[in-house]
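Trainee: I would like a close look at one part of this model, the nonpolar core and what surrounds it. Please take it slowly and connect the pieces as you go.

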Amino acid sequence: MEASIFQRLHKHLGAPTATGCVLWRELQTGTTGGSIAGGAGRLTVSARAVAWQEVHGAMPKGHKVLVRCGNRLCCNPSHLVLSEHGPS
């Protein structure tokens with residue numbers, strides 16, 4: 001049985017840092033931070049978007065997940081915010 005995308009996300013996250021960041025420890029992509037395979041033949045997706053969706057549910061179309069803390073590898077849902085526009 002294939003692990004869910006949320007199980008795969010947690011497998012690749014580090015312990016919280018002193019600032020509360022939970023950092024992605026695997027494949028890093030440009031300015032967007034980490035990426036994770038969507039599963040069986042699906043495209044890769046932002047690790048922090050998966051972290052946000054685990055807590056809040058599906059993202060509205062056209063939105064991005066941004067980090068409040070400034071660490072592009074952070075996947076702590078309390079450090080993430082949904083934005084319709086802006087840099088990733």
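Predicted model: local features only at pLDDT ≥ 70, side-chain atom pairs only at ≥ 80, totals over all residues.

Mentor: Of the 88 residues in the chain, 33% are buried. The chain holds two helices and five strands, which follow one another from the N terminus in the order α-β-β-β-α-β-β.

Turning to the core itself, the largest nonpolar core has 13 residues, and those touching the most other members are Leu9, Leu13, Trp24 and Cys75. The element that gives the most to this core is helix 2, residues 47–56, with five residues. In soluble globular proteins, nonpolar side chains tend to be buried together. If residues up to four places away in sequence are set aside, Leu9 touches Trp24, Ile36, Ala47, Val50, Ala51 and Glu54.

Helix 2 also lies across strand 2 and strand 3, and runs at about 70° to strand 3. These two strands belong to an open sheet of three strands in the order 1-2-3, with antiparallel pairing. Strand 1 (28–29) and strand 3 (44–46) stand at its edges with a single partner strand each, so one side of each has no neighbour in the sheet. Strand 2, residues 33–37, is joined to strand 3 by three bridges, and Ala37 stands opposite Thr44 in strand 3.

Methods:
Residues numbered from 1 in each chain as written. Heavy atoms only, no water. Core = buried A, V, L, I, M, F, W, Y, C linked by side-chain atoms within 4.5 Å. Buried < 20%, exposed > 50% of the residue type's maximum accessible area, 1.4 Å probe, protein only. Helix = DSSP H or I, 4+ residues; strand = E, 2+ residues; numbered from the N terminus. Contact = heavy atoms within 4.5 Å. Pairing = 2+ DSSP bridges. Axes fitted to C-alpha atoms, helices over the stretch in contact; angles between N-to-C directions.
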